[in-house]
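Hello,

Here is the structure we talked about. Please open it alongside this message, and my notes follow below.

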Amino acid sequence: MFADSAKVFIKSGKGGDGHVSFRRELYVAAGGPDGGDGGRGGDIIFEVDDGLNTLTDFRHVRKYVAEDGEQGGKKRCHGANGKDLVIKVPEGTVIKDFESGKVIADMSGDNRREVILKGGKGGLGNMHFATATMQVPKYAQPGQPAQELWIQMELKVIADVGLVGFPNVGKSTLLSRVSNARPKIANYHFTTLNPHLGVVDLNDGQGFVMADIPGLIEGASQGIGLGYSFLKHIERTKVLVHVVDAASTEGRDPVADIRAINAELESYNPELLTRPQVIAANKTDAIYAGEEIDPIERLREEFEPEGIKVFPISAVTGKGVKELLYHVNELLKTVDRKPVIFEKEFEYQFQAENLPYTVEHPEDGVFVVEGPKIDKMLGYTNLDSEKGFQFFQKFLKDSGILQELEQAGIEEGDTVRMYGLEFDYYK
């Protein structure tokens with residue numbers, strides 16, 4: 001089956017940790033700190049590849065992780081940066097946050113390359129923490145953590161004109177006649193599983209891209225059958241061409257078919273019905289001349305008062321097709337031909353500098369402060385040194401934790417517990 005969507009996990013590289021070391025040189029009695037910085041983690045980058053037209057590859061590989069930055073070294077050596085991971089996708093791929101469904105990026109139009117997740121920054125080595133009063137800092141900064149996300153990718157066909165209709169009405173036959181597309185054609189329902197694209201060339205250099213949107217069924221907008229996934233492809237089209245079996249060779253009512261498909265379009269996205277429409281009344285070569293009601297006139301009486309023109313055609317013989325194409329071309333001149341680009345709705349919020357924490361006051365009278373923010377800070381702070389403890393006190397004040405403790409009613413002499421460490425509070 002045509003792979004037009006995929007769920008994958010992506011993760012950028014973690015920043016390398018800063019290093020703690022001191023110079024040890026001959027004839028130097030007390031060398032200073034020389035721990036180097038960690039390297040930057042690799043980014044996750046999406047890039048359009050014109051050679052791709054499906055998301056099939058992502059059905060086999062569902063996890064993509066960029067390289068971590070290397071740890072800093074002695075003698076002020078900077079850790080190597082992690083390699084970026086470039087993920088190739090076909091044009092028209094919309095990347096969404098899986099949990100919220102919001103658009104992260106639309107790889108269409110001019111957007112050929114976009115960084116989706118940034119790698120973590122490398123941590124500073126201990127050489128950055130030396131001061132006049134603290135010449136031997138025994139702590140360094142860890143690298144920022146990686147960013148990770150489950151994403152949903154959807155491939156939405158980019159075409160000017162979309163052919164819509166129930167299965168087996170002749171959409172594939174019409175597309176193969178008017179363009180360079182070669183879809184598989186057979187007399188079976190749901191033969192077409194791929195949205196095929198073809199370029200229609202008219203005189204004087206005019207033309208447009210036409211897509212054969214696979215057959216819909218009633219209930220498609222509610223996810224019945226295969227229709228829901230195919231409805232995605234219609235969102236980018238500028239003009240909709242209803243292809244119907246005017247001869248009712250399978251007993252279908254062409255008027256009812258058009259009403260049913262428009263109902264599905266409206267249910268999926270009401271904005272779709274604001275786009276120009278035209279009806280290609282196909283299989284006219286199979287209409288019996290002796291029928292009481294001319295099916296073409298019936299279609300015209302039903303839809304032309306609504307501004308939807310009806311063109312009798314035969315996709316097999318080519319009769320009436322030229323007139324249909326030139327009318328579609330004129331309709332395209334009335335609309336903006338720029339591709340529909342889905343606006344960004346989701347921005348990954350990197351939490352390394354704004355991690356959460358909690359301040360609680362249990363019944364035993366001890367104030368408990370916990371959370372990733374505290375855990376991260378304790379990880380690179382040497383509380384055994386006076387300078388390190390001052391550094392930690394400044395962090396508690398600048399981050400607003402001390403203010404929250406005071407609002408919670410802490411008084412001098414009360415105990416504060418942080419991950420097994422206990423302190424007495426004094427102003």
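**The annotated serine**

S172 is buried, with a relative accessible area of 10%; the cut-off for buried is under 20%. S172 sits in helix α1, residues 171-178. According to the UniProt record, an unreviewed entry, S172 and T192 carry the annotation "binding site". Bear in mind that this is a predicted model.

The chain has a mean pLDDT of 79. Of its residues, 79% reach 70 or more. Confidence is highest in strand β4 (residues 85-89), at a mean of 95. Confidence is lowest in helix α6 (residues 372-379), at 65.

One stretch needs care. Over residues 183-192, pLDDT stays under 50. For that stretch the model has 25 contacts beyond four places in sequence. Where pLDDT is low, predicted coordinates should not be read in detail.

**The chain as a whole**

There are 427 residues, and buried ones make up 48% of them. The chain has eight helices and 18 strands. Its accessible surface comes to about 21,800 Å². Carbon and sulfur atoms account for 48% of that surface. Take the contacts between residues at least 6 apart in sequence: 71% of these join residues at least 24 apart.

**The five-strand sheet**

What is the order of the strands in the open sheet of five? It runs β3-β1-β8-β5-β6, with mixed pairing. β3 (63-65) and β6 (103-107) stand at the edges. Each has a single partner strand, so one side of each is left without a neighbour in the sheet. Neighbouring strands of this sheet are turned by 25° against each other on average, ignoring direction.

Look at β8 next. Six of its eight residues are buried, so β8 is largely enclosed by the rest of the structure. Strand β5 (residues 93-97) runs antiparallel to strand β8 (residues 148-155), and five bridges join them. K96 has Q152 in β8 as its bridge partner. D97 stands opposite I151 in β8. Strand β1 (residues 5-11) is also antiparallel to β8, joined by seven bridges. There, K11 has E148 in β8 as its bridge partner.

**The six-strand sheet**

Another open sheet has six strands, in the order β10-β11-β9-β12-β13-β14. Its pairing is mixed. Here β10 (196-201) and β14 (309-312) stand at the edges. Each of these has a single partner strand, so one side of each lacks a neighbour in the sheet. Neighbouring strands of this sheet are turned against each other by 25° on average, direction ignored.

Strand β9 (residues 161-164) pairs with strand β12 (residues 239-245) in the parallel sense. Four bridges hold that pairing in the record of this model. L163 stands opposite V241 in β12.

P145 lies in the loop between β7 (113-117) and β8. P145 is partly exposed, at a relative accessible area of 34%. P145 and G41 are 104 residues apart in sequence. In space, C-alpha to C-alpha, P145 and G41 are 8.8 Å apart.

R76 is in the loop between β3 and β4. Phi of R76 is near 60°, a positive value in a residue other than glycine. Is R76 buried or partly exposed? At 48% relative accessibility, R76 counts as partly exposed, since the range for that class lies between 20% and 50%.

K283 lies in the loop between β13 (277-282) and α4 (295-303). Phi of K283 is near 65°, again positive in a residue other than glycine. K283 is buried, with a relative accessible area of 19%; the class requires a value under 20%.

Best wishes

Conventions:
Residues numbered from 1 in each chain as written. Predicted model: local features only at pLDDT ≥ 70, side-chain atom pairs only at ≥ 80, totals over all residues. Heavy atoms only, no water. UniProt positions renumbered as here; feature names shortened; annotations may be inferred. Helix = DSSP H or I, 4+ residues; strand = E, 2+ residues; numbered from the N terminus. Buried < 20%, exposed > 50% of the residue type's maximum accessible area, 1.4 Å probe, protein only. Contact = heavy atoms within 4.5 Å. Areas by Shrake-Rupley, 256 points an atom, 1.4 Å probe, with all protein chains shown as cover. pLDDT = per-residue confidence, 0-100. Pairing = 2+ DSSP bridges. Axes fitted to C-alpha atoms, helices over the stretch in contact; angles between N-to-C directions.
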